[in-house]
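This report walks through the pocket, the cores, the sheet pairing and a few individual residues of the structure shown below.

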Amino acid sequence: MTAHIIARRDAASAAWFDGLTEGLLLIRRCDACGHHCRPDAEACTACESRDLRWAETMGTARVVAAVSTPGEAGTATIQALVELAEGPWMHAPVLGASSAPPPGTALVLTILRPDHGEPFPAFTVPA
């Protein structure tokens with residue numbers, strides 16, 4: 001049996017999900033020092049300022065670590081910790097790979113749009 005998590009928005013995540021709906025992966029950017037932070041940051045991880053605004057990412061990342069879990073019918077589910085080109089790290093599925101990509105592998109953003117729940121980010125290894 002495969003468990004599926006359905007993403008649901010709340011007031012804090014609404015802008016992030018709106019960005020994904022529009023095809024954009026948003027992160028937080030500090031107005032005080034320019035540092036980029038994870039989407040769920042409430043304060044800058046570099047200077048602790050709370051003056052954060054949403055910023056678009058370039059949609060590229062590199063694998064920090066990845067794991068492959070055997071799935072149904074010989075398929076594998078790959079989850080990775082990725083470093084976005086802007087610096088923040090996040091967890092995301094990697095699609096289209098037969099095994100966990102090694103650290104440093106370049107990735108490109110794709111946005112999954114399930115039938116239920118909100119869209120969510122995933123990555124693919126470019127051809």
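How many residues line the largest pocket, and which of them lie nearest its centre? In this predicted model, the lining comprises 40 residues, and those nearest the centre are Q79, A92, P93, F120 and P121. The space inside the largest pocket comes to about 1,100 Å³. Two or more lining residues come from each of helix 1 (14-21), strand 3, strand 4 (60-70), strand 5 (76-84), strand 6 (89-95) and strand 8 (120-124), and strand 6 makes the most of the contribution, with seven residues. Sorted by class, the lining of the largest pocket holds 24 nonpolar residues, ten polar residues and six charged residues.

**Nonpolar cores**

The largest nonpolar core contains 19 residues, and the ones with the most contacts inside it are W16, L25, V82, L84, L107 and F123. At least two residues of this core are supplied by each of helix 1, strand 1, strand 4, strand 5, strand 6 and strand 7 (106-112), with strand 5 giving the most, namely four residues. Another core lies apart from it and has five residues, among them C30, C37, C44 and L52.

L25, named above among the core residues with the most contacts, touches W16, L20, A55, E56, T57, L84, M90, L109, P121 and F123 when residues up to four places away in sequence are not counted.

Within helix 1, the buried residues are A14, W16, F17, G19 and L20, and what covers them includes strand 1, strand 3, strand 6, strand 7 and strand 8. Just after helix 1 comes G23, which takes a positive phi of about 90°.

**Strand pairing**

In general, the strands of a sheet pair through backbone hydrogen bonds, in either a parallel or an antiparallel sense. Here, three strands form an open sheet in the order 2-1-3, with antiparallel pairing; its edge strands, each of which pairs on one side only, are strand 2 (36-37) and strand 3 (52-56). The pairs for which bridges are described here are set out below.

| Pair | Sense | Bridges |
|---|---|---|
| Strand 1 (residues 26-30) and strand 2 | antiparallel | two bridges |
| Strand 4 and strand 7 | antiparallel | three bridges |
| Strand 7 and strand 8 | antiparallel | five bridges |

Individual positions show how these strands are placed against one another. R28 stands opposite C37 in strand 2, and R62 stands opposite A106 in strand 7, while I111 has P121 in strand 8 opposite it.

Which residues of strand 7 make up its covered face, and which its uncovered one? The covered face consists of L107, L109 and I111, whereas A106, V108, T110 and L112 make up the uncovered face. Such a pattern can be read against a general rule: in a regular strand the side chains alternate between the two faces of the sheet.

A55 lies in strand 3, and because its relative accessibility is 10%, which is under 20%, A55 counts as buried. Leaving aside neighbours within four places in sequence, A55 is in contact with L25, L26, I27 and R29. Between A55 and E22, which are 33 residues apart in sequence, the C-alpha to C-alpha separation is 13 Å.

P101 has its place in the loop between strand 6 and strand 7. Is P101 buried or exposed? With 9% relative accessibility, again under 20%, P101 counts as buried, and apart from residues up to four places away in sequence it touches V63, A66, I78 and V94. P101 and D115 are 14 residues apart along the chain, and their C-alpha atoms are separated by 28 Å.

E48, in the loop between strand 2 and strand 3, counts as exposed because its relative accessibility of 66% is over 50%. The phi of E48 is near 70°, a positive value in a residue other than glycine.

Note on methods:
Residues are numbered from 1 along each chain as its sequence is written. This is a predicted model: local features need pLDDT of at least 70, side-chain atom pairs count only at pLDDT 80 or more; totals for chains, interfaces and linings use all residues. Side-chain values use heavy atoms; hydrogens and water are left out. Two strands pair if DSSP finds at least two bridges between them. On a 1 Å grid over the protein atoms alone, a cavity is a set of points where a 1.4 Å probe fits but cannot get out, and a pocket is an open set with protein on both sides within 12 Å along at least five of seven lines; lining residues have an atom within 4 Å of a point. Grid points are joined across faces, edges and corners, and a volume is the space filled by probe spheres set on the points. Ala, Val, Leu, Ile, Met, Phe, Trp, Tyr, Cys and Pro count as nonpolar, Asp, Glu, Lys and Arg as charged, and the others, Gly among them, as polar. Buried means under 20% relative accessible area, exposed over 50%, partly exposed in between (1.4 Å probe, protein chains only). Contact means heavy atoms within 4.5 Å. A nonpolar core is a set of buried Ala, Val, Leu, Ile, Met, Phe, Trp, Tyr and Cys residues joined through side-chain atoms within 4.5 Å.
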